Amino acid sequence: NSSIINDQKVIDEITRLSFLASERNLTELDLKKLSELTKKDKNVAGILDQMYWLIRNDEAEHAAHSLASINVYVQTGNLYFCIPHEIEHLGILVEHNDMERARKQVSLIKENIPKWLEKSERTKINFPAYYVNYDEVKSKINKVLENFESNNIGEKFFEDIEYIGKNGVC
């Protein structure tokens with residue numbers, strides 16, 4: 001898995017895709033080279049799988065979020081997921097009624113919340129202006145997860161996700 005850590009070709013491809021994503025929506029073809037360069041890494045394969053799903057389901061603008069996770073991983077060897085983005089992806093999966101993927105997404109979120117909280121708490125000290133709604137975002141993340149698990153998926157579920165998407169900080 002670690003053979004791609006600090007791999008300059010992979011970093012260059014992520015940079016290229018990031019610029020491309022700022023200009024237009026990514027396509028499956030765009031991801032081909034990154035898929036090839038990272039094919040032996042299970043961590044990146046899972047993230048790319050989600051990116052392909054988002055593109056295939058007309059949600060390509062959200063696929064670019066995942067590039068940041070891959071970038072952090074390749075540069076540091078640590079997986080880091082932006083929980084607000086991952087919550088948005090959960091909402092998309094539920095909207096598309098892909099409940100199997102949605103359940104996996106909830107597991108990924110729960111597994112990675114502690115790391116996100118730890119980083120957010122540290123960053124909030126130095127940049128408090130970005131974290132004005134932090135407590136509310138944390139509360140709504142918990143509500144979304146509780147509502148998903150109790151199959152209470154209605155208008156409020158999606159309103160909370162929208163709030164998290166607008167106010168959450170990575």
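User: A pocket is an open set of points on a 1 Å grid over the protein atoms alone, with protein on both sides within 12 Å along at least five of seven lines. What volume does the largest pocket have?

Analyst: About 340 Å³. A volume here is the space filled by probe spheres set on the points, with grid points joined across faces, edges and corners. Before we go on, this is a predicted model: local features need pLDDT of at least 70, side-chain atom pairs count only at pLDDT 80 or more, and totals for chains, interfaces and linings use all residues. Residues are numbered from 1 along each chain as its sequence is written, and side-chain values use heavy atoms, with hydrogens and water left out.

User: Got it. Which residues are closest to the centre of that pocket?

Analyst: G46, Q50, R101, Q105 and L108. They are among the 15 residues that line the largest pocket. A lining residue has an atom within 4 Å of a point.

User: Which helices supply at least two residues of that lining?

Analyst: α3 (42–56), α5 (83–95) and α6 (99–126). α3 gives the most, with 7 residues. Helices are DSSP runs (H or I, at least four residues), numbered from the N terminus.

User: How do the lining residues of the pocket divide by class?

Analyst: There are 6 nonpolar, 4 polar and 5 charged. Ala, Val, Leu, Ile, Met, Phe, Trp, Tyr, Cys and Pro count as nonpolar; Asp, Glu, Lys and Arg count as charged; the others, Gly among them, count as polar.

User: Let's switch to helix packing. What describes two packed helices?

Analyst: The angle between their axes and the distance between the axes. The axes are lines fitted to C-alpha atoms, for helices over the stretch in contact, and angles run from 0 to 180 degrees between N-to-C directions.

User: OK, at what angle do α7 and α8 pack?

Analyst: About 145 degrees, with the axes of α7 and α8 (residues 155–167) 9 Å apart. α7 passes α8 in a left-handed crossing. Left-handed means the near helix is turned anticlockwise from the far one by less than a right angle; clockwise would be right-handed.

User: Which residues make the contact of α7 and α8?

Analyst: From α7, they include V137, K140, I141 and V144. From α8, they include F157, D160, I161 and I164. Contact means heavy atoms within 4.5 Å. By class, this contact has 8 nonpolar, 2 polar and 5 charged residues.

User: And α4 with α5? How far apart are the axes?

Analyst: 10 Å, at an angle of about 145 degrees. The crossing of α4 and α5 is left-handed. H62, H65, S66 and S69 in α4 meet H85, E86, E88, H89 and I92 in α5. That makes 1 nonpolar, 6 polar and 2 charged residues.

User: Back to K140. Is K140 buried or exposed?

Analyst: K140 counts as buried because its relative accessibility is 9%. Buried means under 20% relative accessible area, exposed over 50%, and partly exposed in between (1.4 Å probe, protein chains only). K140 sits in α7 (residues 134–149). Leaving out residues up to four places away in sequence, K140 touches K156, D160, Y163 and I164.

User: What about E146, buried or exposed?

Analyst: E146 is exposed, at 51% relative accessibility. E146 is in helix α7 too.

User: Where is L37, and what does L37 touch?

Analyst: L37 lies in helix α2 (residues 32–38). L37 is partly exposed, at 26%. Not counting residues up to four places away in sequence, L37 touches I4, K9, V10 and E13. L37 and I4 are 33 residues apart in sequence, but their C-alpha atoms are 8.0 Å apart.

User: Last topic, phi. What is phi of D58?

Analyst: About 55 degrees, a positive value although D58 is not a glycine. D58 is in the loop between α3 and α4. D58 is exposed, with a relative accessible area of 69%.

User: And where is N6?

Analyst: In the segment before α1 (8–23). Phi of N6 is positive, near 60 degrees, and N6 is a residue other than glycine. N6 is exposed, at 53%.

Definitions and conventions:
On a 1 Å grid over the protein atoms alone, a cavity is a set of points where a 1.4 Å probe fits but cannot get out, and a pocket is an open set with protein on both sides within 12 Å along at least five of seven lines; lining residues have an atom within 4 Å of a point.
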